[in-house]
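Good morning, and thank you for joining.

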Amino acid sequence: MAGMVFQNPDNQLVSAVVEDDVAFGPENLGLPRDEIIDRIRISLEATGMYEHRKMAPHLLSGGQKQRVAIAGVVAMKPDIIIFDEPTAMLDPEGRAEALEIAARLNQEGITVLLITHFMEETVGSDRIIIMDGGRICMDGPPRDIFARAEELKALGLKLPFAVELAEGLREKGVLPPGEPVLVEAELAETVSAESRGLASVRRGSTERLAMASLGSASPSAAPIITVDRLSHTYNPGLAYETHAVADVSFEISTGEYVAIIGHTGSGKSTLIQHLNGLLKPTEGTVTVGGVNVSAKGATTVEMRKKIGMVFQYPEYQLFEETVYKDIAFGPNNLGVPEEEIAERVKEAISLVNMDYDEIAERSPFELSGGQKRKAAIAGVLAMRPEVLVLDEPTAGLDPRSHEETLELIESIHERTGSTIVIVSHNMDDVARLADRILVMAAGRIVKSGTPREVYADEEILKSIGLGVPKATSFAGRLARGGLHLPGVILSTQELLEALSQ
Ligand code: ADP
Ligand code: MG
């Protein structure tokens, strides 16, 4: 029998208590009571959720919910479990949790079929099957597959970090030619061994690079956003009240690109919904472009003009019969005259790099996932906001659409000069793009600074369930092995440069 685990943990849990959810499958199989009780215990233990068995699923994190969903499948004792992008909607910690369980179940003799966009998740597998346009185009063990780097790139797939770095180091002559290296620990050892002669790596230009890493955010202009002692409590006074945001203060300058990172449930979405007045503070104030948007009487039109809000999975909000109508919806509501609307729709479609003639009269529902998301973002851009706020805009996208969406945001930032506030779980993206990062944990801002300042301390980020960019983490691994690279490394490119000096 085959069991399936799907992408969205919320859609898979049906009961009000964790253990009832796990019991659902075995009960449907008509098993005896004792057997069901046994299976609930065993499968919740196997997924590390036994101590949460009496909890309500909606109080769990995304990763925990996904573990309960897996427990429910395990309780049916399947021979094979198909994981259909089980990590797409999870933060880095939840992602690691789900993958660990899949690996453990496999060791216990269950066949695992993992469907994923993330190449990183495939390196531990026995065999990788690559699909494109409904066909199988590659099939083999990871080492064989990743030796075909060019073909993979042509398919819009990314190489796992270690494979890419090893390849780069070979091109620069730092490592001798050889098979793809899949495991980071293995690569770190090879690199350490090869660089033993390279004293410059350890001493050399430490000072110069350390200086470069102090480079801080550019903007000099007055703040466009001021958040002052903001707190937000859901369900105040009730037994289940939640202090989602607690005493948060910060400013964002005009033209800045700011990223907000944090574990699921740390309060990111609650915080940003105050920026357009969708949520009102329990305490504190939020000012945008001189307007107090937290005030009770603040007009919504005023705010919508200033702040464009792209919610998580914005494509779910497309509803009109044509892309044109969908994008025109916002400006229409703002009372923009008809001729100007046409102009704005054209402009917005061009800003998201789509072709007006090709797309305007089509139904949004016929578009691919990545295109739908672009159309949804265009709908927000058509309101010509000064600030664009995006809540996890790349969540669930394949590597190619992921990259396109980031480029798109970057080009909007450059072409319109708009201020960007982006919520993200992807440490690599944030390191590459943001001027400044705000790190949230349990409703508070626990750290803020340039990517180099924030990622200088891997331990703090790990302690709150986040990580650092892959290259930063790899440099940390090298340092623990005695090979210290100067400054804070943020990207594979920087790592390659530091190692080939
Ligand atoms: P993030 O976006 O960082 O995942 P959220 O802002 O969504 O975090 O959630 C912060 C906290 O507030 C969590 O504990 C969450 O369960 C709770 N929360 C979020 N939205 C609501 C809501 N509408 N009602 C009650 N609690 C909520
Ligand atoms: Mg959120």
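**The cavity and the ligand shell**

The largest cavity holds about 60 Å³ of space. A cavity here is a set of points on a 1 Å grid over the protein atoms alone where a 1.4 Å probe fits but cannot get out, and lining residues have an atom within 4 Å of a point; grid points are joined across faces, edges and corners, and the volume is the space filled by probe spheres set on them. Of its 13 lining residues, Leu406, Ile422, Ser424, Asp429 and Val430 are the closest to the centre. Helix H18 (427–433) is among the elements that supply at least two lining residues, and H18 gives the largest share, three.

This is a predicted model, in which local features need pLDDT of at least 70, side-chain atom pairs count only at pLDDT 80 or more, and totals for chains, interfaces and linings use all residues. Residues are numbered from 1 along each chain as written, chains are lettered from A and ligands numbered from 1 in the order written, and side-chain values use heavy atoms, without hydrogens and water.

I turn to ligand 1. Which residues surround ligand 1? Among them are Tyr234, Asn235, His263 and Thr270, each with a heavy atom within 4 Å. An oxygen atom of the ligand is 2.8 Å from a side-chain N or O atom of Lys268, and another pairing places a backbone N or O atom of Ser266 3.2 Å from a ligand oxygen atom; polar contacts are pairs of N or O atoms within 3.5 Å.

Technical notes:
A polar contact is a pair of N or O atoms within 3.5 Å; within protein, one must be able to donate a hydrogen and the other to accept it, and residues adjacent in sequence count only if both atoms are side-chain atoms. On a 1 Å grid over the protein atoms alone, a cavity is a set of points where a 1.4 Å probe fits but cannot get out, and a pocket is an open set with protein on both sides within 12 Å along at least five of seven lines; lining residues have an atom within 4 Å of a point. Helices (H or I, at least four residues) and strands (E, at least two) are DSSP runs, numbered from the N terminus.
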